[in-house]
Amino acid sequence: MNELELLREWDADAPPLTDAARARARFRLNQAMQAPAAVPTAPAVGRRPLLRIAVAGVAAAAVTATVVVAQDTGEKTPRTRTVSAATVLRGAAAEALRTEKPVAPRDDQFIYTKEVIERRPVSGGPVKKWVDESWTSVDGSKKGYVSELGHKQWVPKFRPGQSTWPPSKWSELKELPTDPRKLTATLRDMGGKPDYGRPTTADEWPMVQIFLSGLLRHSVLPKGLRSAAFEALATAPGVKVLPGRTEFNGHTAISVQYVIGPPGTSWKDGGRTLLFDARTYQYLGLRERTKAKLTTKVYDQSQYVVASGVVDRVFQRP
């Protein structure tokens, strides 16, 4: 998870980033992503919690798998149809655009997120469950508050000139393009002047996927941005649909897998799986295999957002 720590700690001295700063950041992220794969540890409570979950991809062709999708045909036996990762992600993009509620938070407000995290030991045993709540300053000018796996702490406000990439301030999020191709180039070029005409190379895609996933960690985004992020991920190399169905939070789900680490990393070695409703492609949450700090126990961990919104102060709920 070193590359995630780099994202969490990355504060630009004066936006936009200089070419030298972008080059240093690319180098550090690429070095981290090329490190040997390992089962990731549970993330510590971070100063910018909405960036704590991200995924790195591998350069490989998108894989199509056959999944059983229930259809309203009146038949006793559900039919099967073949779907690709691109189909599911573009369906998720359309569903996000259809269901999103436009919001316009003020700079002095907070984004509220309520998330459920469940852990089941791989070797067997009881499921442990946390209900985490966080309040994030809209413009970074106020202290926020975060709970992560039950650990609670205040989040310091931004210092003058401080920023993150991808952006977390609402005013900066609104500046990101909602065209998927342009969004990919903007995130890839890290705050510089995007080169929309240049294709993203295979060795750049893992970093772009980290940035796209960082965006999707926000429970509330400007209109069209979540849909654009799913559309952009649909073009990323190395994503695949896992065969079969799974049950997730009361839904029959299709699993789209991303991989953390170098090519060849498998799901049980650290891959992260995004889950989507098998009928509507609505994004449901994610599932991953993780290891608790200071122990040898390995867990299957699931997490999903159950509430979000804009509020006027910390500890207020929508």
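In the predicted model, the side chains of Glu-133 and Arg-317 meet in a salt bridge at 2.6 Å, N to O (a side-chain nitrogen of Lys or Arg within 4 Å of a carboxyl oxygen of Asp or Glu). Glu-133 lies in strand 4 (residues 128-137) and Arg-317 in the segment after strand 12 (298-311), so the pair ties together parts 184 residues apart in sequence. Helices (H or I, at least four residues) and strands (E, at least two) are DSSP runs, numbered from the N terminus. Glu-133 is buried at 17% relative accessible area, while Arg-317 is partly exposed at 48%. Buried means under 20% relative accessible area, exposed over 50%, and partly exposed in between (1.4 Å probe, protein chains only).

Residues are numbered from 1 along each chain as its sequence is written. In this predicted model, local features need pLDDT of at least 70 and side-chain atom pairs count only at pLDDT 80 or more, totals for chains, interfaces and linings use all residues, and side-chain values use heavy atoms, with hydrogens and water left out.

The salt bridge count comes to 11. Arg-289 and Asp-300 form one, at 2.8 Å, N to O. Arg-289 lies in strand 11 (residues 283-291) and Asp-300 in strand 12, so this pair ties together parts 11 residues apart in sequence. Arg-289 is buried at 15%. Asp-300 is partly exposed at 22%.

Helix 5 spans residues 180-188, and its buried residues include Leu-183, Leu-187 and Arg-188. Arg-188 has a relative accessible area of 0%. Asp-189 forms a salt bridge with Arg-188, with the closest N and O atoms 2.9 Å apart. Asp-189 is buried too, at 7%. Just after helix 5, Met-190 takes a positive phi of about 50°.
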